[in-house]
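Here is my note for your first look at this model. Keep the sequence and the 3D view open as you read.

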Amino acid sequence: MSYFEKAAKIYPRRVKGTFRSVKWIAMCVLLGIYYLAPWLRWDRGAHVPDQAILVDLTGQRGYFFGIEIWPQEVYLLVGVLILAAIGLFFATALLGRVWCGYACPQTVWTDLFVWVERFVQGDRNARRKLDESAWTSEKIWKKAVTHLSWLLIGALTGGAWVFYFNDAPALFTDIIHFNVSWTVLGWVIALTLSTYFMAGFARENVCTYMCPYARFQSAMFDKDTLIISYQPERGEPRGKHKAGATWEGRGHCIDCKACVVVCPMGIDIREGLQMECISCGLCIDACDDIMTKVNLPTGLIRYDTENNQLARRSTSHRLNIGLAAKPPESKRNDSASNQSLRWARPRTLVYAAILLSVGMTMVGAIITRPLTELNVIHTRAPQFVRLSDGEVRNTYSLKILNKSHDDRAYNLSVDGVRVNELTVLAAGDTPVQRLLVPANSVGTFRVRLVSDGNAAGRTEIRFILTDPVTRESAHHESYFVR
Ligand code: SF4
Ligand code: SF4
């Protein structure tokens with residue numbers, strides 16, 4: 001006896017309608033952004049990459065159009081992640097699983113793979129028949145073309161990914177000349193195979209069994225969140241319909257199962273909202289098409305809130321009478337009736353407030369981002385040296401980040417202690433007057449500071465770095481030990 005039942009393969013049928021169109025548009029826009037973004041150029045001046053979006057692992061920089069992120073500014077990435085997470089929570093609280101249905105990479109690539117499969121093998125019944133048939137030459141070529149197309153899309157996906165970490169045109173030239181590193185090749189192969197497997201085979205199982213977001217997002221739902229809902233008070237009792245037959249004493253669902261066969265998750269939404277539902281809206285398109293064909297109002301399945309459903313159920317008797325009284329040829333769209341949306345609710349307001357404050361903090365941090373940063377480390381071994389004349393010397397390591405695209409020569413001064421002597425040593429312990437740091441780089445110096453040795457203890461001091469040309473300055477707190 002087996003404890004596990006093999007999951008039945010899902011063959012979603014083609015459907016047309018508003019939500020299918022929105023999904024096509026979302027797919028084209030998102031795939032277009034993913035594949036084309038690494039090719040956008042952004043002039044940052046000489047010696048700096050001109051790729052608009054680039055994660056330069058060798059140079060340890062991240063570039064996003066006019067924003068340049070150094071490893072020391074990784075807090076900006078934390079801010080972006082917080083914004084993305086809260087943005088997702090906000091969208092989920094308002095619109096339910098809109099991310100899953102329209103924008104999640106798993107959904108987008110699966111949609112593309114199903115489109116290829118349908119294009120080569122035909123619609124639902126043809127695909128199912130082909131799978132059940134013996135291996136003929138027709139089945140072999142159709143399967144081969146499908147899988148080769150999937151692998152090609154997978155390779156393009158992996159290929160586009162590595163362009164985000166390298167100069168895209170240069171890497172493209174290397175690729176077509178078979179001159180790429182094992183790292184690049186490894187990433188392309190890994191992403192080709194993972195895309196092929198996830199979108200070609202795993203599909204809805206990723207959403208149902210692998211995705212953690214699917215599990216906890218219901219915590220963001222409330223009774224005013226938009227969900228996909230079937231209206232049993234209007235649809236039941238369901239039953240087959242013959243042209244010209246009366247609707248008296250029966251619901252509007254004609255049990256055609258169009259909503260079930262188009263569902264990419266293979267569920268029947270008439271059984272109520274289920275964890276598998278990704279809110280893609282394709283069952284709405286399918287049902288609206290059927291309702292139009294039988295001259296009934298559309299909207300038997302629709303995006304709605306739990307509060308609206310409860311309100312409708314409490315007046316279902318009156319509603320049923322109202323619907324039954326409509327002329328059967330009525331094509332009035334019923335989807336907007338009895339619907340009200342409460343956008344401003346405690347949780348949406350809290351999410352919006354967090355989004356706004358984190359967003360404004362990020363914008364402020366980017367706008368006021370200094371182009372020079374100074375880090376000072378006091379040398380501990382020894383902490384200080386007492387000189388023969390009684391004076392005391394402390395030594396420090398200085399790191400200067402010149403984030404500008406110009407070479408800079410800084411002046412250094414110290415506050416908080418009487419400075420008898422200040423010596424700056426560049427590479428090779430060469431004394432220098434000005435601290436020269438080339439554009440877009442980090443300069444390392446040693447500093448010897450000599451002061452009076454009359455009072456023992458530790459004195460708080462401040463190193464001040466000034467660019468005499470731009471008047472920009474940076475400072476760092478440290479201490480002097482006697
Ligand atoms: S039930 Fe409808 S909205 Fe939910 S996944 Fe299936 S087709 Fe999409
Ligand atoms: S598509 Fe509409 S009419 Fe057909 S089974 Fe689904 S809910 Fe009923």
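1. Start with what a pocket is. On a 1 Å grid over the protein atoms alone, a pocket is an open set of points where a 1.4 Å probe fits, with protein on both sides within 12 Å along at least five of seven lines; lining residues have an atom within 4 Å of a point. A volume is the space filled by probe spheres set on the points, which are joined across faces, edges and corners.

2. Some ground rules. This is a predicted model, where local features need pLDDT of at least 70, side-chain atom pairs count only at pLDDT 80 or more, and totals for chains, interfaces and linings use all residues. Residues are numbered from 1 along each chain as its sequence is written, chains are lettered from A and ligands numbered from 1 in the order in which they are written, and side-chain values use heavy atoms, leaving out hydrogens and water.

3. Look at the domains. Their bounds come from an automatic or database domain assignment. The chain has domain 1 (18-219), domain 2 (222-324) and domain 3 (372-481). The centres of domain 2 and domain 3, taken over C-alpha atoms, are 74 Å apart.

4. Now the largest pocket. Its volume is about 1200 Å³. The lining has 36 residues, and Ile-53, Val-55, Phe-64, Val-80 and Tyr-164 lie nearest the centre. Elements giving two or more residues include α1 (18-36), β1 (53-56), α2 (75-95) and α16 (346-367). Helices (H or I, at least four residues) and strands (E, at least two) are DSSP runs, numbered from the N terminus. α2 gives the most, with six residues.

5. What is the class make-up of the lining of the largest pocket? It divides into 32 nonpolar, two polar and two charged residues. Here Ala, Val, Leu, Ile, Met, Phe, Trp, Tyr, Cys and Pro count as nonpolar, Asp, Glu, Lys and Arg as charged, and the others, Gly among them, as polar.

6. The second largest pocket has a volume of about 410 Å³. It has 25 lining residues, with Pro-12, Arg-20, Asp-111, Val-114 and Arg-118 closest to its centre. α1, α4 and α9 (204-210) each give two or more residues. α4 gives the largest share, eight residues. The lining divides into 13 nonpolar, three polar and nine charged residues. Why does this second largest pocket lie between domain 1 and domain 2? Because both domains give residues to its lining.

7. Turn to the ligands. A residue is near a molecule if one of its heavy atoms lies within 4 Å of it. Residues around ligand 1 include Ile-228, Cys-263, Cys-277, Cys-280 and Cys-283. By class, this shell has ten nonpolar, two polar and no charged residues. Around ligand 2 there are 13 residues, and Cys-253, Cys-256, Lys-257, Cys-259 and Cys-287 come nearest. α12 (258-261) and α13 (282-293) each give two or more residues to the ligand 2 shell. That shell has ten nonpolar, no polar and three charged residues.

8. Check the cysteines. A disulfide is a pair of cysteine sulfur atoms within 2.5 Å. The count is zero disulfides. Cys-211 is in none; the nearest cysteine sulfur, that of Cys-100, is 6.2 Å away. Is Cys-277 buried or exposed? Buried means under 20% relative accessible area, exposed over 50%, and partly exposed in between (1.4 Å probe, protein chains only). Cys-277 counts as buried because its relative accessibility is 10%. Cys-211, at 27%, is partly exposed.

9. Finish with Val-417. It sits in the loop between β9 (408-415) and β10 (421-426). With a relative accessible area of 13%, Val-417 is buried. Thr-459 is 42 residues away along the chain, yet the two C-alpha atoms of Val-417 and Thr-459 are separated by 7.3 Å.
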